[in-house]
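Subject: Structure for your review

Dear colleague,

Please find below the structure that I am handing over to you. My notes on it follow, arranged by topic.

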Amino acid sequence: MRWWSLAFAVFGFWLVLAWPADAGGLLWGLALSLLIGTWAAVVLWPTRDAGLAVRHWPRALLYLLLLPRSIVPAALQLIALLLRRRIPIHPEVFVYRTTLASEAGRVALANAITLTPGTHCVELADDELTIHCLHPGFAADIRSGEVEAGIRRVFEPEDGP
């Protein structure tokens with residue numbers, strides 16, 4: 001069943017890159033996604049789960065749909081900052097310790113931080129993320145745990161992995 005999960009993830013990514021696609025393109029994308037998913041299950045992750053169970057896909061989709069709620073305001077805040085004559089940036093690097101248990105959840109957290117304008121995950125080592133931000137205000141949602149809570153709802157829901 002793991003190969004199916006991986007194939008679905010690859011196909012979803014392919015759809016984002018190839019949209020809009022005609023029927024022939026969709027069939028080719030599906031066929032290649034099935035091959036890549038099977039290959040990944042056999043070669044890349046032969047003995048462990050790749051990270052996201054099929055039953056959690058609806059939560060992942062909801063999270064992806066809600067992610068722009070965090071990214072767009074941060075982008076507007078960054079644009080406003082850059083349009084000023086003086087750019088009042090106060091860059092800082094700090095370490096954030098996560099309680100996410102799954103490797104996939106920690107990687108998703110690092111990616112969500114990097115996708116947010118003004119912040120960048122410089123390093124991910126076990127449960128510690130080293131984060132650079134242009135201004136402490138950009139990191140408020142990270143420090144409050146709001147970003148991690150969104151990731152937790154997808155990768156570590158209460159009904160278990």
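R97 forms a salt bridge with D127, and the closest N and O atoms of the two are 3.2 Å apart. Please bear in mind throughout that this is a predicted model. R97 lies in strand β1 and D127 in the loop between β2 (119–125) and β3 (128–133), so the pair ties together parts that are 30 residues apart in sequence. As to accessibility, R97 is exposed, because its relative accessible area is 53%, while D127 is partly exposed, with a relative accessible area of 27%.

R97 also forms a salt bridge with E128, with the closest N and O atoms 2.5 Å apart. This pair again links distant parts of the chain, with R97 in strand β1 and E128 in strand β3, 31 residues apart. E128 is partly exposed at a relative accessible area of 29%. Through shared partners, the salt bridges join R97, D127 and E128 into one network.

In total, the model has four salt bridges. One of them brings together the side chains of E92 and R143, at 3.2 Å from N to O. E92 belongs to strand β1 and R143 to helix α6 (residues 140–144), so this pair ties together parts that are 51 residues apart in sequence. Both partners have intermediate accessibility: E92 counts as partly exposed at 23%, and R143 counts as partly exposed at 41%.

Is V93 buried or exposed? Its relative accessible area is 55%, and the cut-off for exposed is over 50%, so V93 is exposed. Leaving aside neighbours within four places in sequence, V93 is in contact with T130, I131 and H132. The C-alpha atoms of V93 and T119 are separated by 9.6 Å, the two residues being 26 apart along the chain.

D126 sits in the loop between β2 and β3. Although D126 is not a glycine, it has a positive phi of about 55°. D126 counts as exposed, at 65% relative accessibility.

S102 is found in the loop between β1 (92–97) and α5 (103–115). The side chain of S102 reaches the backbone nitrogen of G105 at 2.9 Å. Once neighbours within four places in sequence are set aside, S102 is in contact with F155 and E156.

Two packed helices are described by the angle between their axes and the distance between the axes. Two pairs that involve α3 are given here in those terms.

Helix α3 (residues 57–66) packs with helix α7 (residues 146–155) at an angle of about 155°, and their axes are 8 Å apart. Angles over 145 degrees count as roughly antiparallel, and α3 and α7 are therefore roughly antiparallel to each other. On the α3 side the contact is made by R59, A60 and Y63, and on the α7 side by G150, I151, R153 and V154. By class, the residues of this contact divide into four nonpolar, one polar and two charged.

V154, found in helix α7, deserves a separate note. What is the burial state of V154? With a relative accessibility of 3%, V154 counts as buried. The C-alpha atoms of V154 and P58 are separated by 8.5 Å, while the residues are 96 apart along the chain.

The axes of α3 and helix α4 (residues 68–83) come within 5 Å and cross at roughly 15°. Angles under 35 degrees count as roughly parallel, and α3 and α4 are therefore roughly parallel to each other. In this contact, L64, L65 and L66 in α3 meet P68, R69 and S70 in α4. The contact of α3 with α4 has four nonpolar, one polar and one charged residues.

**In brief**

Helix α3 is roughly antiparallel to α7 and roughly parallel to α4.

Yours sincerely

How values were computed
Residues are numbered from 1 along each chain as its sequence is written. This is a predicted model: local features need pLDDT of at least 70, side-chain atom pairs count only at pLDDT 80 or more; totals for chains, interfaces and linings use all residues. Side-chain values use heavy atoms; hydrogens and water are left out. Axes are lines fitted to C-alpha atoms, for helices over the stretch in contact, and angles run from 0 to 180 degrees between N-to-C directions. Helices (H or I, at least four residues) and strands (E, at least two) are DSSP runs, numbered from the N terminus. Angles under 35 degrees count as roughly parallel, over 145 as roughly antiparallel, 65 to 115 as roughly perpendicular and the rest as oblique. Contact means heavy atoms within 4.5 Å. Ala, Val, Leu, Ile, Met, Phe, Trp, Tyr, Cys and Pro count as nonpolar, Asp, Glu, Lys and Arg as charged, and the others, Gly among them, as polar. Buried means under 20% relative accessible area, exposed over 50%, partly exposed in between (1.4 Å probe, protein chains only). A polar contact is a pair of N or O atoms within 3.5 Å; within protein, one must be able to donate a hydrogen and the other to accept it, and residues adjacent in sequence count only if both atoms are side-chain atoms.
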